[in-house]
Amino acid sequence: MPKKTTQSTKNKTTKKADQYDNDDYDYVDYWTGRDYEHDAEEMAIKRFIKGKKFKAAADVGGGYGRLCVLLRKYADKVTLAEPSKVQLDAAKKFLKGHKDIDAKLMQADELKFKDESLDLVTMIRVMHHLPDPVPELKEVHRVLTKDGYFVLELANYAHARNRIKHAIKRQPLPHDPVDIRSEHNRHEEEIAFVNHNPKTVVRQLDRAGFQIVKVLSVSNLRSPKLKKYVPHGVMLSIEKIMQPTLARTYFGPSVFFLLKKK
Ligand SMILES: C[S@@+](CC[C@H](N)C(=O)[O-])C[C@H]1O[C@@H](n2cnc3c(N)ncnc32)[C@H](O)[C@@H]1O
């Protein structure tokens with residue numbers, strides 16, 4: 001697990017997002033055995049940006065740079081914008097040889113980019129840690145050019161399995177983010193870990209000044225059993241069909257939005 005949160009000394013930022021500065025937690029290793037999820041996410045990003053060319057892109061909360069190499073195929077310059085020094089150290093190794101990928105220490109509510117200086121921003125698997133993402137969404141809005149694109153992933157509480165569970169119990173889906181930490185970790189200093197209701201996030205995106213261009217439902221077949229018995233290529237062929245067809249129902253555990261400024 002990432003470590004506990006610490007308070008920042010800066011005025012603007014209330015909590016320092018350095019929880020991944022934990023030598024006991026190996027985020028590179030987390031991806032072992034998750035080829036299906038990785039490929040499904042790259043598939044979604046490619047679908048959104050295929051045929052486009054960007055001048056300057058940033059992957060906000062990009063970890064060790066897992067997706068930066070893909071972004072570099074579409075953008076002249078890519079910045080890995082990441083608040084954890086441990087992740088940035090891992091990036092030095094992972095991104096070795098990629099001279100056009102810069103790695104900089106910063107967090108999403110205080111991006112060190114000028115206004116309207118990026119024409120592509122991605123933020124993947126970071127919403128998990130943002131129970132109230134509006135300040136971060138507004139900050140991305142600030143740095144994005146007028147015609148720029150923002151690719152946002154959210155951990156989806158309203159996925160099909162949860163909807164069935166709630167229907168059986170005759171309980172409505174919560175609008176607010178749902179804390180998915182264990183009882184033991186459910187306290188102030190522990191890193192936030194939430195799943196979002198996409199309908200709430202759509203309203204938050206609107207408040208931050210974004211319009212939705214496209215939606216995809218991603219990692220629809222995330223299941224250890226399926227991954228064990230169904231060949232990888234078959235999983236991805238089915239995923240390819242499911243991503244757009246199930247998007248509007250927010251079927252999968254992960255929802256990807258392609259956004260532009262309103
Ligand atoms: C689950 S990892 C995802 C990393 C990368 N985006 C990926 O998909 O491989 C979450 C990342 O979000 C970063 N993070 C957490 N809170 C953040 C914040 N407030 N602003 C920016 N990044 C943050 C963490 O340091 C970590 O690298």
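A nitrogen atom of the ligand sits 2.9 Å from a polar backbone atom of A108. This comes from a predicted model. The briefing starts at the ligand and then turns to the helices.

**Who surrounds the ligand**
- The ligand is surrounded by 18 residues.
- The closest are G61, R66, E82, A108 and I124.
- Sorted by class, the shell holds eight nonpolar residues, seven polar ones and three charged ones.

- A108 uses a polar backbone atom, 2.9 Å from a ligand nitrogen atom.
- I124 also brings in its backbone: an N or O atom there lies 2.7 Å from a nitrogen atom of the ligand.
- Y27 uses its side chain instead, with a polar atom 3.1 Å from an oxygen atom of the ligand.
- How much of the ligand's accessible area does the protein cover? On its own, the ligand has 590 Å² of accessible area, and the protein covers 96% of that.

**Helices α5 and α7**
- Helix α5 spans residues 134-143, and helix α7 spans residues 198-208.
- Their axes come within 9 Å and cross at roughly 45°.
- The crossing of α5 past α7 is right-handed.

**Helices α2 and α9**
- Helix α2 covers residues 35-49, and helix α9 covers residues 232-245.
- Which angle do their axes make? They cross at roughly 40° and come within 10 Å of each other.
- α2 and α9 are therefore oblique to each other.
- α2 passes α9 with a right-handed crossing.

Key:
Residues are numbered from 1 along each chain as its sequence is written. This is a predicted model: local features need pLDDT of at least 70, side-chain atom pairs count only at pLDDT 80 or more; totals for chains, interfaces and linings use all residues. Side-chain values use heavy atoms; hydrogens and water are left out. A residue is near a molecule or strand if one of its heavy atoms lies within 4 Å of it. A polar contact is a pair of N or O atoms within 3.5 Å; within protein, one must be able to donate a hydrogen and the other to accept it, and residues adjacent in sequence count only if both atoms are side-chain atoms. Accessible areas come from the Shrake-Rupley method with a 1.4 Å probe; for residues, only the protein chains shown count as cover. Ala, Val, Leu, Ile, Met, Phe, Trp, Tyr, Cys and Pro count as nonpolar, Asp, Glu, Lys and Arg as charged, and the others, Gly among them, as polar. Axes are lines fitted to C-alpha atoms, for helices over the stretch in contact, and angles run from 0 to 180 degrees between N-to-C directions. Helices (H or I, at least four residues) and strands (E, at least two) are DSSP runs, numbered from the N terminus. A crossing is left-handed if the near helix is turned anticlockwise from the far one by less than a right angle, and right-handed if clockwise. Angles under 35 degrees count as roughly parallel, over 145 as roughly antiparallel, 65 to 115 as roughly perpendicular and the rest as oblique.
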